[in-house]
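Here are my notes for anyone opening this one for the first time. Have the sequence and the 3D view side by side, and go through the points in order.

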Amino acid sequence: MAVAALGVLGGCETRPPVELRTEACSGTPALQGVSYLRWRVTGEGMPPREHFTPVEVGASGVPALPPGKGRVVEVRGYTAMPRQGGRVVAVGRSHPFEVPGSGEVPTVAIALRRVGEFVRPRLGQGCGGLGEARAGHTATLLEDGRVLLAGGVRLGADGKPATVSTVEVFEPATGSLERVPALDSARAFHTATRLPGGKVLLVGGEEETPEGTRPLASARVLDVTAGTTTPVEGFQARGHHAAAADASGRVLVVGGVGVNGEVVSEAEGYDAATGRSFQVGTPVRRVGMGVLPVGDGRRIAVVGGSDGTTLVPEVLYFSYQGDTFVAEDTGERLREPRRDAALVPFGGPGRLLYVGGHSSAGAARTDTLLASSQIVSPDAASRQGQGPQIFARSGPCAVALQDGRVLTLGGWGNSRLGELASDARGELFVPGPEGGAAGLLGLPGLERSRHQHTCTALDDGSVLIAGGLEEEGTRRTTLDDLLLYMPVPLD
């Protein structure tokens with residue numbers, strides 16, 4: 001770790017103090033084989049600045065910056081200069097920060113991560129994991145770049161599930177993991193939706209009780225920065241549902257499993273500006289569907305899933321009109337209906353990819369796992385039908401990276417014995433012309449397979465994988481690990 005001294009240069013430019021963190025608890029050391037560091041700075045109102053320094057210079061090689069907002073420092077480790085055939089083996093990127101016109105610049109923390117490997121980050125001074133093992137939890141990227149990990153379920157020594165009430169916040173740049181006030185009640189398979197201003201809306205979920213699994217109607221708004229939670233009334237009891245916010249901070253909540261195991265039909269909404277919940281007139285009786293904003297965020301897509309008896313092929317688009325969400329049926333249908341697939345942006349504005357899943361209306365079976373995907377878009381001209389292939393899996397995580405690539409990982413797959421088992425495989429694919437898949441890269445396998453985990457695309461370009469359930473046959477383990485994967489840059 002190196003810290004550059006603060007220096008104010010001519011023309012009011014400032015060389016910010018940089019804390020360059022290279023520690024990890026597994027994998028290849030970040031600086032192994034690195035000869036040069038490439039520094040690149042971008043920001044509002046300034047052209048990009050870039051230069052190379054020998055690795056020995058360390059963090060003091062950061063360029064001077066003019067005052068302004070949205071400054072981002074990226075550093076890459078090269079084995080040699082690019083013109084001499086050097087390749088990138090490590091990448092780090094800061095969270096956006098402001099350089100004031102006068103006064104001190106806060107220290108800029110950058111974690112340099114080895115590319116193409118799953119690594120366990122160093123947490124503080126140690127190499128532990130989550131404070132509590134969890135699966136079926138949520139992971140929400142906050143506006144300041146931290147990740148909120150909330151709730152979930154864990155298996156006890158007797159194999160019985162217990163719901164988790166703890167909340168942890170992970171800081172990617174410094175590797176800190178901090179517990180924040182617990183939820184009002186333990187919950188798993190809930191939704192957590194980021195609101196404008198950095199708050200998070202948690203809705204529903206389920207709780208394990210001596211009498212069995214109970215769906216929850218409670219909802220809360222968490223303000224991590226202020227350390228407060230505010231209850232929200234008016235929601236139905238449901239778990240395994242889905243939610244997404246439009247560009248104005250209005251949240252659509254649909255589907256899920258309610259009382260007596262019935263699939264919930266009623267859709268609901270929440271307005272962050274007023275703090276009120278409201279009813280939505282269009283019923284959406286589905287479970288295992290995908291819900292995500294599309295295009296400019298004025299529409300929210302509801303894709304696939306099951307009504308409990310049959311798979312639902314219709315794709316609905318909701319927009320806020322008057323004082324509620326109104327559904328629009330564009331006539332789009334899934335060519336291959338499915339549930340428990342992953343929905344992710346892909347191939348440009350207004351295009352989503354619905355990937356993996358299974359073709360049974362109830363629980364997944366080995367003969368119903370899907371290796372296919374489909375492009376989804378409200379604009380008929382933008383639909384290209386079939387998307388890229390993946391390893392046949394149900395319930396994978398899928399995240400869109402800043403450069404447009406999509407990473408998929410884990411889920412339910414087939415074991416060597418022909419049974420369902422948690423999966424360790426993943427893919428990284430690149431959208432090609434017209435949104436098709438131009439390239440597919442198989443990722444290294446996870447050390448431990450998992451489903452009911454979370455994957456979160458971080459501001460530095462890496463992906464955080466947290467917890468999950470490792471299951472094969474009678475062996476079932478709730479995981480407490482945190483892993484980071486930094487893809488090799490395209491440029």
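1. Two strands pair if DSSP finds at least two bridges between them. Residues are numbered from 1 along each chain as its sequence is written. What you have is a predicted model, where local features need pLDDT of at least 70, side-chain atom pairs count only at pLDDT 80 or more, and totals for chains, interfaces and linings use all residues.

2. How far does the predictor back the protein chain? pLDDT is its confidence in each residue, from 0 to 100, and the protein chain averages 92, with 96% of the residues scoring at least 70. Go carefully with residues 1-10, though: the pLDDT there is below 50. In the model this stretch still has 31 contacts beyond near neighbours in sequence (contact means heavy atoms within 4.5 Å).

3. Now look at strand 42 (residues 454-457) and strand 43 (residues 463-466), which run antiparallel and are joined by four bridges. They form a hairpin with five residues between them. In its turn, glycine 461 has a positive phi of about 95°.

4. Strand 17 (residues 167-171) and strand 18 (residues 176-180) are another antiparallel pair, held by five bridges. This hairpin has four residues between its strands, and glycine 175 in the turn has a positive phi of about 75°. Valine 169 sits opposite glutamate 178 of strand 18.

5. Next comes an open sheet of four strands, ordered 19-20-23-24 with antiparallel pairing. Strand 19 (191-194) and strand 24 (228-232) are at the edges with a single partner strand each, so one side of each has no neighbour in the sheet. Direction ignored, neighbouring strands are turned by 25° against each other on average (axes are lines fitted to C-alpha atoms, for helices over the stretch in contact, and angles run from 0 to 180 degrees between N-to-C directions). Four bridges link strand 19 to strand 20 (residues 200-203), and threonine 193 has leucine 201 as its bridge partner in strand 20.

6. Strands 25-26-27-28, in that order, make up an open antiparallel sheet too. Which strands are at its edges? Strand 25 (242-245) and strand 28 (276-280), each pairing on one side only. From one strand to the next the twist averages 20°. Strand 26 (residues 250-254) and strand 27 (residues 267-271) share four bridges, and valine 253 stands opposite glutamate 268 in strand 27.

7. Last, a look at the lining of the largest cavity. Its residues divide into nine nonpolar, four polar and five charged.

Definitions and conventions:
Side-chain values use heavy atoms; hydrogens and water are left out. Helices (H or I, at least four residues) and strands (E, at least two) are DSSP runs, numbered from the N terminus. Ala, Val, Leu, Ile, Met, Phe, Trp, Tyr, Cys and Pro count as nonpolar, Asp, Glu, Lys and Arg as charged, and the others, Gly among them, as polar. pLDDT is the predictor's confidence in each residue, from 0 to 100.
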